[in-house]
Amino acid sequence: MKNILMALSLFLFIPVKMFAQQPDAILGHWLNEEKDAKIEIYKQNNQYFGKLVWIKHQFEDDGKTPRKDKKNNDASLRNRDILGLVILTNFVYDDGVWEDGKIYDPKSGKTYSSKIKYKGNTLEIRGFVGVSMFGRTTVWTKSN
């Protein structure tokens, strides 16, 4: 009877451990939902960040001038290049969710509180103001 209970408990707890997410699972390159940008997620001092490493429209209409962060609410930041811009900041891993971070949207110039959920080859990134219930989720896809 003892052996049966031990085998049963192993059977019940092994799958939980096997499917538990690892904190570094989100590291790597991801395509945004529109597939017009690639973001590299990296770790620094136990926090997670993401920067734009490729954008479909890298240059202004002249084909030479790098696109700038001209919609930023902070006028002093409007002259920085979009390419290389850090758009995910200060995420911490907690029980399967990366939370307490911020996401910056260079298309609107706005920054939102954010949390990330890892779903295999996709990330569900929820941006919100105040509480998560009042926000929007975007889905990013793993890139090679």
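The model is a predicted one, in which local features need pLDDT of at least 70, side-chain atom pairs count only at pLDDT 80 or more, and totals for chains, interfaces and linings use all residues. Residues are numbered from 1 along each chain as its sequence is written, and side-chain values rest on heavy atoms, with hydrogens and water left out.

On to the barrel. Eight strands form a closed barrel in the order β1-β2-β3-β4-β5-β6-β7-β8, paired antiparallel. From one strand to the next, the twist averages 30° (axes are lines fitted to C-alpha atoms, for helices over the stretch in contact, and angles run from 0 to 180 degrees between N-to-C directions). Strands here are DSSP runs of E with at least two residues, helices are runs of H or I with at least four residues, and both are numbered from the N terminus. Two strands count as paired if DSSP finds at least two bridges between them. In general, strands of a sheet pair through backbone hydrogen bonds, either parallel or antiparallel.

Strand β1 covers residues 28–31 and is joined to the antiparallel β8 by two bridges; Trp-30 has Lys-142 of β8 as its bridge partner. On its β2 side, β1 pairs in the antiparallel sense over four bridges. The hairpin of β1 and β2 has five residues between the strands, and Lys-35 takes a positive phi near 60° there. β2 and β3 also run antiparallel, joined by eight bridges, with Ala-37 partnered by Ile-55 in β3. Their hairpin has two residues between the strands, and Asn-45 takes a positive phi near 50° in it. Asn-46 lies in the loop between β2 and β3 and has a positive phi of about 65°, although it is not a glycine. Asn-46 counts as exposed because its relative accessibility is 58% (exposed means over 50% relative accessible area, buried under 20%, and partly exposed in between, with a 1.4 Å probe and protein chains only). Asn-90, another residue other than glycine, has a positive phi near 60°. Asn-90 sits in strand β4, residues 86–94, and at 33% relative accessibility it counts as partly exposed.

Thr-138 lies in strand β8 and is buried, because its relative accessibility is 12%. The side chain of Thr-138 meets that of Glu-33 in a polar contact of 2.7 Å. Tyr-118, in strand β6, is partly exposed at 23% relative accessibility. The side chain of Tyr-118 reaches the backbone oxygen of Gly-120 at 3.1 Å. Tyr-118 and Trp-98 are 20 residues apart in sequence, with their C-alpha atoms 8.6 Å apart in space.

A pocket is an open set of points on a 1 Å grid over the protein atoms alone, where a 1.4 Å probe fits, with protein on both sides within 12 Å along at least five of seven lines; lining residues have an atom within 4 Å of a point. The lining has 26 residues, and Asn-32, Glu-34, Asp-105, Pro-106 and Lys-107 lie nearest the centre. By type, the lining divides into 12 nonpolar, four polar and 10 charged residues (nonpolar covers Ala, Val, Leu, Ile, Met, Phe, Trp, Tyr, Cys and Pro; charged covers Asp, Glu, Lys and Arg; the others, Gly among them, are polar). Strands supplying at least two lining residues each include β2 (37–44), β3 (47–55) and β8 (135–142).

Technical notes. Polar contact = N/O pair within 3.5 Å; in protein donor to acceptor, adjacent residues only side chain to side chain.
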